[in-house]
Amino acid sequence: MANTQGPEGNYDPAGSTQMFRAFVDDPQSTSRQAAPAGPRIGLIVGVIVAVAVVAVVAWLALK
């Protein structure tokens, strides 16, 4: 992390803000964070199906 204090010990509050804005405005940062929704939706559907199968098996076992 960058040292935002000068040799006099004065803190520069604009330094961290400028670094944050440069990070937010970076076009590569948004493309790295965008994950495809396909695998996530498949995982959610798989978990729901697994829970439903376990529920049916438990209901049949207790019947």
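**Note on a surface patch in a helical model**

1. Ile-41, Val-45, Val-49, Val-53 and Val-57 make up a nonpolar surface patch, with about 430 Å² of accessible area together. Nonpolar side chains are joined within 5 Å, like charges within 9 Å. Areas are Shrake-Rupley values with a 1.4 Å probe.

2. The model is predicted: local features need pLDDT of at least 70, and side-chain atom pairs need 80 or more, while totals for chains, interfaces and linings use all residues. Numbering starts from 1 along each chain, and side-chain values use heavy atoms, without hydrogens and water.

3. Ile-41 sits in helix H3 (residues 37-62). Ile-41 counts as exposed because its relative accessibility is 51% (exposed is over 50%, buried under 20%, partly exposed in between).

4. The protein has 3 helices and 0 strands (DSSP runs of at least four and at least two residues). Of its 63 residues, 3% count as buried.

5. Mean pLDDT (confidence, 0 to 100) is 76 for the protein. Confidence is highest in H3, at 91, and lowest in H2 (residues 27-33), at 59.

Definitions and conventions: Patches are made of residues with over 30% relative accessible area and no salt bridge: like charges are joined within 9 Å, nonpolar side chains (Val, Leu, Ile, Met, Phe, Trp, Tyr) within 5 Å. A salt bridge is a side-chain nitrogen of Lys or Arg within 4 Å of a carboxyl oxygen of Asp or Glu. Buried means under 20% relative accessible area, exposed over 50%, partly exposed in between (1.4 Å probe, protein chains only). pLDDT is the predictor's confidence in each residue, from 0 to 100.
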